[in-house]
Structures are given as structure tokens and as C-alpha cells.
Amino acid sequence: MEIPKSYNPKEAEATHYQTWEANNCFAPEINENPNAKPFSIVIPPPNVTGSLHIGHALQHTLMDVLTRWKRMLGYRTLFLVGVDHAGISTQLMVTRQLKKDEHKMPPDIGREAFVEKVWAWKNRYGDTITNQIRREGLSVDWSRERFTMDESLSKAVREVFVRLYEEGWIYRGKRIVNWCPKDKTVLSDLEVKEETKKDGKLFYLNYPVKDSDVKLTVATTRPETMLGDAAVAVNPDDERYRDLIGKTIELPLTGREIPIIADEYVDTNFGTGAVKITPAHDPNDYEIGLRHDLPQISVMNQDATMNAEAGAEFEGLERYKAREKVVEKFEELGLLEKIDDYEMVLPVCERCKTVVEPFLSEQWFVKMSEMRDLALDLMRTEESPHFYPRVPHEKVYTVWLENLKDWTISRQLWWGHQIPAWYDEAGNIYVARTKEAAMEQAKTAKLMQDADVLDTWFSSALWAFSTLGWDGETTETEDLKLFYPTDVLVTGRDIIFLWVSRMVMSGLKFTGEKPFKDVIIHGTVLDKNGQRMSKTKGNGVDPLDVFDKYGVDATRITLAGSSTGVDFAWRDEKVESFRNFANKIWNATRFCLMNSEGAKVDAASLTNAESLNDRWIISRLNKTTFALNKALATYQFHEAVQILYHFFWDDFCDWYIELVKDEITSDTVNTKRDAARTRILTILEQALRLLHPFMPFLTEELWQKLPEVSSKLHNDAYQNAPQTIMLADFPTGDAALTDERAESEMQIVIELISKVRNIRAEMNIKPGDKPAIHVAANIDLQKIFQSNEAQILKLARAEKLQIAESLDVPKASAKAVLTGGAEIALPLEGLIDFAKEGERLKNQFEKLNVEGERLNGQLSNRSFVEKAPEEKVSDLRARIAEINLQKRALEQNLDALL
RNA sequence: AGUCAGUUAGCUCAGUGGUAGAGCACUACCUUGACACGGUAGGGGUCAACAGUUCAAAUCUGUUACUGACUACCA
């Protein structure tokens with residue numbers, strides 16, 4: 001078989017995914033075991049407008065590793081995929097295109113036509129993200145793909161809305177909300193981000209007190225809102241203003257008179273200690289307004305221009321123009337005290353970055369107190385969901401819930417789930433599942449549906465069960481029974497509040513069960529300088545570029561191997577090293593295949609091993625298998641990757657292949673050679689299975705090349721499926737095959753070879769020169785060295801191995817001491833540099849000496865001997881004995897040199 | 001302002017009480033029939049500082065410094 005010298009990911013990535021998908025390998029139905037335990041994950045639905053970024057690649061890899069692992073273990077696995085309609089971002093994107101292509105705005109074409117355009121857009125571009133998911137190799141079940149605006153999911157949304165309304169948990173009301181003047185919609189608290197403005201100003205305005213010469217100075221960052229002032233507030237304990245409480249202000253520019261009131265809210269140390277109160281344009285002022293029964297004077301329109309209430313002079317002015325004009329007027333009136341520079345933090349719209357205006361408006365809200373308690377009770381009673389890592393997320397989640405405010409769910413958009421509420425001509429509200437039902441309630445057909453749609457996260461909150469068939473009417477399906485609650489949710493920190501908490505609350509409320517058992521919160525991928533990636537900085541890493549450059553598998557295992565729950569800096573060098581790892585796997589397999597005549601994959605070859613190196617590698621393989629399964633079971637992805645990397649590269653390639661190379665490449669055809677070839681092939685095949693969840697393409701490509709692989713190697717649940725490594729039985733380890741004795745015996749052989757190599761390097765022995773190795777050792781060690789003579793000679797590049805009870809070598813020899821007191825010597829007449837050899841031995845002696853002194857110090861500490869566990873003390877004694885033994889030998893060697 | 005996290009080899013990061021680890025980078029040697037995307041042998045860290053608990057601290061506690069994240073407020 002002709003195999004290229006290096007792995008080309010493109011070929012493997014081009015074919016296998018299609019085969020897997022075409023053979024329905026991803027669907028749970030591939031599992032033929034009726035008693036198989038279920039395992040399910042739902043993907044956090046990416047935005048339909050979106051394209052893959054490196055954070056997705058990380059999150060998706062972790063989910064796919066778990067899914068492939070469980071599938072190979074024989075679980076009935078469902079990895080459910082789908083996309084989110086992403087209300088605001090999609091609407092913005094289509095609006096932008098409409099503007100560009102037709103120079104029109106949505107109102108120009110009307111709601112119906114606009115929504116049609118969004119659907120067309122979705123159908124045209126919506127598969128960008130899903131094709132990218134295929135590229136990543138995700139083993140998701142495409143037959144169950146969902147979209148948040150599918151009819152069934154939309155029905156679930158209406159159902160939930162109606163039920164919550166009927167219970168009084170959804171209400172409509174006039175509140176101060178976060179208003180985006182550009183998108184002209186309300187935003188929830190979580191959709192508002194902060195932006196620091198360094199060149200902000202704090203304006204000090206003088207308000208004349210009626211019937212006096214006194215002026216009260218108030219400070220504000222938004223002078224234009226003074227047009228809507230309803231009062232000035234001071235702290236009741238503030239001596240400076242005590243006399244003024246109850247008096248009246250003649251509010252400049254408006255001709256209105258407003259009271260001076262006392263309220264504890266006012267901080268006497270900030271600004272002037274007197275605060276202008278604008279109930280319609282500030283959330284705190286709104287609260288104060290309610291307490292003091294102040295009028296709510298709204299002076300702005302929805303686009304943040306001033307309205308008629310602001311007065312004729314200001315009406316129609318944009319908010320910042322109005323600000324300038326107000327300041328000008330105050331200056332003209334001699335009422336502008338001063339302007340200070342002031343660094344401030346502004347709330348901005350998460351999507352369009354426009355400064356959000358606190359705005360008095362009528363909206364729909366979900367009352368969170370009861371919903372919140374459901375989630376808090378779950379945490380209290382079951383400590384669920386279990387966060388990985390638990391610190392800090394469990395606490396952050398809990399504290400957030402405890403302080404949760406009501407959720408604004410209406411959005412002034414057209415793209416999304418339209419609110420199932422209707423109004424009659426008198427303005428009465430009818431909330432119902434359908435228009436017909438609403439008409440029945442209203443006893444009239446003259447109804448107008450609420451124009452608003454629901455927050456995108458309202459439908460996302462139902463994702464874990466609406467995708468499995470729950471629509472309010474149907475509440476039990478096969479999928480729900482099998483796959484709900486899901487096993488684990490994998491997601492980023494930023495949506496714990498937006499999504500995780502809301503899924504928990506709605507899951508508990510509507511299914512009576514939590515939506516998932518575990519929540520894995522992965523870290524953020526930062527750029528190579530440790531900075532957050534962002535479009536404006538242009539420092540993002542495009543996973544598709546990385547795939548092209550290094551291959552999908554290398555990228556996947558890099559991401560998994562970096563994942564410990566904390567943020568990490570992206571480095572191309574890391575992927576490069578895993579690209580090299582992929583190549584190493586490729587070439588190890590290439591070696592086995594080049595010598596595979598007469599061999600096949602045969603599990604029996606793992607149980608009938610006799611030689612030390614075979615028993616050793618089989619023991620290593622089993623320990624690796626145990627450790628890997630354990631690491632995955634606790635979501636320790638970094639650990640899992642380390643385990644695999646170390647086993648494959650160090651144990652299998654650097655030692656095992658080299659140890660058995662001669663035997664395997666022998667020209668002599670015999671059963672011994674066949675057995676050795678079968679064994680290495682079998683071990684390799686097991687290793688490929690262990691690697692498969694991380695590196696699906698490479699392992700499939702290689703596995704299919706192995707002689708006589710078939711679906712017989714599949715897990716029992718997949719015996720009839722077309723042969724693929726993704727359905728192979730995942731090794732779980734066999735305790736009978738771990739062999740501590742083989743491992744420690746091999747360790748001493750490795751030590752011997754390494755020490756000889758060290759001497760060779762230090763003494764500059766040419767690779768072609770083959771010295772003799774003299775070994776002095778006890779009977780047990782003699783046997784071990786004797787039976788591994790061929791391997792020792794080959795790997796140490798030596799001529800012969802002279803084993804005796806004591807050393808008898810010429811003075812011109814380089815020596816070393818092994819664990820257990822064995823000694824080695826290489827006669828190097830004419831090659832040895834005595835000064836260098838003396839230096840080398842002294843260095844080793846010194847190292848041992850330092851360690852010995854430290855340990856002796858510890859041992860002479862009486863309290864250590866008394867209080868430390870016996871085992872630790874005896875370990876220490878043994879180590880000291882070992883050190884003394886080696887030191888004595890080194891001393892003798894040094895003496896012999898002089 | 002509050003809460004939390006981090007500070008370990010030149011770089012990126014593992015490591016939760018018992019002799020400091022990996023990858024990359026670095027040095028020397030090596031085209032040894034799987035692989036130079038390779039092999040062999042090396043060098044390199046008083047685990048941020050200080051104090052405490054302990055027979056024993058990178059690991060537990062406290063304080064400080066720096067970095068970062070989140071939450072709230074900001075007239």
C-alpha cells in the first residue's frame with residue numbers, strides 16, 4: 001500500500017463527513033439496542049445570521065467529543081442542532097440590505113413584505129452556519145434540525161406566553177425601559193452594554209427659588225432632560241438645604257413651577273447635593289416620582305428628538321442639539337454655574353452601539369419572582385445544575401437570580417414571534433392562543449394584534465424541550481421521554497443569565513423537570529496578546545482559516561486541549577504542534593501498514609503477550625484508557641488530551657515502535673513476526689478509537705486503511721451499521737491487563753538505555769561507533785537485561801552487552817549508576833575525556849548529595865517521623881537508601897578515575 | 001464601589017498538602033528504511049511579595065501589589 005509521507009487533512013475532510021451523514025450515523029436510530037442508555041446534548045443555537053467564530057469552534061468541539069465518546073460507548077446519543085432567528089441582528093442585517101439594494105426602509109414596504117424578505121434571506125444565507133458546522137465534523141442529527149421560528153416551536157412560544165399571562169406572571173405596564181432610539185425598540189437589561197466616555201461633561205445649572213434670591217445648583221450629564229423636570233430633591237438631613245424643603249423652583253425655559261422635596265436617595269456628597277428629578281427619563285427619578293406623586297413629563301419622541309412637551313423652542317431637536325441649546329440658554333440667562341470634565345459610563349445598545357435612552361413606555365414584562373424561586377429551589381435542594389467549573393459560576397448564577405428584576409419581553413420589531421395579544425377598539429386586551437380564540441373572548445372580530453414581537457431569548461428559553469417536540473399541547477413525545485432532561489449544556493459565560501438561567505426556569509415551570517444535569521462553562525479564546533477578540537480591533541481568528549492551514553482535527557484537539565474553563569490566549573504554535581501530532585499518528589500508522597502483511601486486528605493479541613515490551617505497552621494502553629475515560633467523565637478535556645498525547649507519542653512511538661521495530665520489519669516470514677505485527681496493529685487500532693472523539697477525520701481515514709477492519713469492531717449496538725470507527729466500541733480498559741511489574745521492569749531498561757545515550761552524547765561518541773556495555777547488577781536485574789538484550793543493543797547503539805555481578809572494566813571507561821544499584825560502564829579507550837568524565841560523575845554525585853541532605857534533614861526532624869503517615873516515612877527512608885547506594889557507586893567510580 | 005478569578009521555565013499554560021510538569025522557543029549531535037511536521041541528549045523556575053497554619057505549602061488561611069472578568073451605581 002502506497003501511503004504519502006505526511007497527512008493531508010483536506011482529503012479526509014472531503015469524504016468522511018458525507019459518508020457518516022449519508023449513512024445516518026449521527027441519528028440516535030443508528031443504535032439498535034432497545035435498552036441503550038440515552039445521552040443528549042442540545043447545541044446553543046447560533047444566530048441564523050451568524051458565521052463560525054473561534055468560540056463556536058471551541059464549544060462545538062467539546063460537545064462533539066462528549067457525543068462521539070458516549071456514542072462509541074453504546075449510548076443512544078442525540079446531539080441536536082439548530083439555529084436561532086436572532087430578532088434584532090437579523091432585522092438589522094436585512095434592513096441594511098434593503099437600504100442598499102432598494103434604498104428603502106422597512107416601513108416603506110410594510111410589515112408583511114418585510115417579514116417575507118427576512119424569510120427569503122434566511123433561506124438563502126441560513127445554511128452558511130450549518131455548512132460550517134459540517135466542516136467542523138460535528139456528529140449532529142440533521143434529521144432533527146430545528147429553527148426557533150418553526151411552527152412547532154412558535155406554538156410552544158404562544159402556549160407559554162398565554163399560560164404565564166393567565167397566571168399573572170406576564171403583564172403589560174408602563175415603565176422606564178432601556179430604549180434604543182436607532183432601532184426604536186426596547187431592550188432588556190442584558191442587551192445593554194456599557195461604554196466609557198472619557199470626555200463627558202457634568203453641567204451645573206442654577207435653578208431660581210421662587211420668591212427669593214436664592215439659586216439652587218443642580219448637576220447633570222443630560223441637561224436636555226431638565227425640560228421634563230418635576231422636582232428637585234435634597235437629602236432630608238442636609239443642613240445646607242433644610243430651609244428650602246417645601247419651597248418652589250421656577251424652572252427656567254419652561255415656565256413651570258416644581259417643588260423642592262426631601263428624599264433619602266440623594267447623596268449629600270455627590271455633585272451639589274441637590275438633584276433634578278425627571279421621572280419620565282431616569283429610572284431612579286421614576287422611583288422617586290412614584291414616592292412623591294410627581295407628574296411624569298415625557299419630553300422625547302421614540303427617535304430621541306424632543307417632543308411638544310419640551311416646548312416650542314426645542315420641539316423636533318435631536319437630543320444632543322437640544323442639550324447644546326439648553327446649555328446656551330442657561331448661559332444667556334446667567335444660570336449656568338460651570339461645566340466640569342467628567343468621565344462617565346454610558347449605556348449603549350449591544351447591537352448598534354447607540355446610546356440607550358431611559359424612556360417611559362408601555363411594554364410587556366415577565367414577573368420573575370416565582371420563576372426565580374423555582375430555579376433557586378432547584379439549586380438549594382439538588383445543587384443543580386452542576387456547573388463545571390463550579391467556582392465561580394454557581395455563586396454568580398445564584399446571586400444573579402436572587403437580585404433578578406422583571407424581564408422586558410416585548411420588542412418593537414417585525415422579525416420574531418408576534419405577541420399573542422389582541423386589542424379591541426376600546427383598548428381592552430385579549431391574550432389567546434389564536435386570533436379566533438381572542439375573538440371569542442372579545443365577542444367581536446374587530447381586533448388588532450399587538451404589533452410587537454417577543455425577545456429572542458423568550459423562545460431560546462424553551463429550546464431544551466421545544467426542540468424535542470413540546471409545544472404546549474403535545475407534552476409527551478418519544479424524544480422527550482428519551483432525551484429530556486438533556487445531559488449536559490456546553491456554553492460560554494456570557495449567556496449564563498441570558499439563556500442558561502431562563503432555560504432552567506422555563507424547564508421547571510413547563511415540564512416540571514430541569515432541562516439539563518450539568519453545565520460546562522468554557523473560557524473565552526483571546527488573541528495571542530491576551531486581548532478579547534473583536535471586529536473593531538480586527539484581531540479575530542477565523543476558524544475556517546485555521547482549518548485550511550492545519551486541518552480540522554488539529555484545531556479540534558488544540559481547542560479541547562486548551563479548555564480548562566478559564567480564558568486562554570490563542571497561539572498558532574499550539575495548533576502547529578497538534579498538526580505535528582496528527583502527522584505523527586499518520587506516520588506511526590504508515591509504519592504499521594508498511595509491515596502489515598500477515599497481520600490483522602485481533603484483541604487476543606493483547607491478552608497473550610509474553611515479552612516485557614509487549615506487556616509493558618499493553619499495561620500503558622490500559623492505564624491510558626482508564627485515565628481517559630475518567631477525565632472525560634469529569635469533563636477534564638485538557639487532561640484527556642495530555643493523556644492521549646503522552647501515550648501515543650512517548651510510549652507508543654518513541655519506545656514501543658522502536659523496541660519492536662526489528663521484529664516487525666524482519667524479512668523472515670514466521671508466526672512470531674505475524675504475531676508481533678498483529679499486536680502492534682491491534683494496539684494502534686485501540687489508540688485510534690481513543691483518539692477518535694477528538695480527531696474524527698484522521699482516525700477514520702487511518703482506521704479504514706487497517707487490514708480486515710469491519711463492523712465486527714463496532715459496539716454491540718451498531719453491529720449492522722456500515723463500518724466506521726465512529727461506531728467502534730470505545731475501550732474502557734481491562735484491569736487484568738495493567739501490569740505494574742512490567743512497567744517497573746521496563747522503567748529500568750529505559751533508564752539503562754537513556755544513561756548509555758547520555759554518556760554517548762556527553763563523550764561525543766559518533767552514531768556509527770558501537771561500544772560494549774558492561775553491566776553489573778543483581779540476579780533479578782540481570783535476567784531483565786538479558787532478555788531484552790537485542791532491544792538494548794539496538795536503542796543504545798551498542799556492540800555487545802556484558803552482564804556480570806560486578807564491573808571489571810579498564811580505567812578508560814565512562815560509568816553510570818542505575819536505580820536499584822546496578823551500574824553500567826562503557827570502555828572508551830582513546831575516546832574518553834577523563835576531565836569531562838570526572839565532571840560528569842561529580843555533577844551526578846552533587847545532585848544526589850543535595851537531595852540526600854534535604855531528605856536527611858527531614859528525617860532528622862522528630863516531629864516528621866512521629867506525625868507523618870508511616871508510608872511517607874518509609875518512602876523517604878527507601879529513597880535515602882537508594883541515594884546512598886548510588887552515591888557510593890559514584891564515589892568508587894570517581895576514585896577509579898584518579 | 002462590590003464580588004470573584006489569576007499571578008508557576010523566554011512564551012502559552014497544566015498541576016488543590018509529601019522529591020516542580022507539558023508544548024513551543026533555546027543549545028549540541030544526528031538525512032539511523034514511519035515521520036526533519038522527525039530522533040537523541042541537554043540547559044532553564046527560591047511556583048508575585050510578606051505573614052500564618054502544618055512534621056511538610058506552588059497547593060490551605062490572611063494581608064499587599066499587579067492583571068483580568070462580572071455585577072451594580074454614577075445627579
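Reader: How far does a backbone N or O atom of A569 lie from a phosphate oxygen of RNA strand B?
Author: Residues are numbered from 1 along each chain as its sequence is written, and chains are lettered from A and ligands numbered from 1 in the order in which they are written. A polar contact is a pair of N or O atoms within 3.5 Å; within protein, one must be able to donate a hydrogen and the other to accept it, and residues adjacent in sequence count only if both atoms are side-chain atoms. For A569, the separation from the phosphate oxygen is 2.8 Å.

Reader: Which residue has a polar side-chain atom 3.5 Å from a sugar or linking oxygen of RNA strand B?
Author: T220 uses a polar backbone atom, which is 3.0 Å from a sugar or linking oxygen of the RNA strand. The residue that uses a polar side-chain atom, at 3.5 Å from such an oxygen, is K395.

Reader: How many residues surround RNA strand B, and what share of its atoms within 4 Å of the protein belongs to sugar and phosphate?
Author: A residue is near a molecule or strand if one of its heavy atoms lies within 4 Å of it. RNA strand B is surrounded by 65 residues, and the closest are A219, V275, N284, E851 and K867. Of the RNA atoms that come within 4 Å of the protein, sugar and phosphate account for 66%.

Reader: Which helix gives the most residues to the surface near RNA strand B?
Author: By class, this surface has 26 nonpolar, 16 polar and 23 charged residues, where Ala, Val, Leu, Ile, Met, Phe, Trp, Tyr, Cys and Pro count as nonpolar, Asp, Glu, Lys and Arg as charged, and the others, Gly among them, as polar. Helices (H or I, at least four residues) and strands (E, at least two) are DSSP runs, numbered from the N terminus. With 12 residues, the helix that gives the most is α19 (residues 572-594).

Reader: Which element of chain A has the lowest mean pLDDT?
Author: The mean pLDDT of chain A is 92, and 100% of its residues reach 70 or more, while the complex has an ipTM of 0.96 and a pTM of 0.93 from the predictor. Where pLDDT is low, the predicted coordinates should not be read in detail. The highest mean among the elements is 98, in strand β1 (residues 38-42), and the lowest is 82, in strand β6 (residues 192-197).

Reader: Is I521 buried or exposed?
Author: I521 is in strand β24 (residues 516-522), and, leaving aside neighbours within four places in sequence, I521 is in contact (heavy atoms within 4.5 Å) with residues including F387, Y388, H393 and G565. Buried means under 20% relative accessible area, exposed over 50%, and partly exposed in between (1.4 Å probe, protein chains only). Because its relative accessibility is 0%, I521 counts as buried.

Reader: Which backbone oxygen does the side chain of T398 reach?
Author: T398 is found in helix α11 (residues 390-402) and is buried, with a relative accessible area of 17%. Apart from neighbours within four places in sequence, T398 is in contact with L376 and M379. At 2.6 Å, its side chain reaches the backbone oxygen of E394.

Reader: Which strands stand at the edges of the open sheet of 4 strands?
Author: The sheet has the order β5-β4-β15-β17 with antiparallel pairing, and two strands pair if DSSP finds at least two bridges between them. Strands β4 (residues 170-180) and β15 (residues 357-366) pair over 10 bridges. The edge strands each have a single partner strand, so one side of each is left without a neighbour in the sheet, and they are β5 (185-187) and β17 (407-408).

Reader: Which residue in the hairpin of β10 and β11 takes a positive phi?
Author: Strand β10 (residues 248-251) has a covered face, I249 and L251, and an uncovered one, T248 and E250. It is joined by 4 bridges to the antiparallel strand β11 (residues 256-262). The hairpin has 4 residues between the strands, and the residue with a positive phi near 70° is L253.

Conventions: Predicted model: local features only at pLDDT ≥ 70, side-chain atom pairs only at ≥ 80, totals over all residues. Heavy atoms only, no water. pLDDT = per-residue confidence, 0-100.
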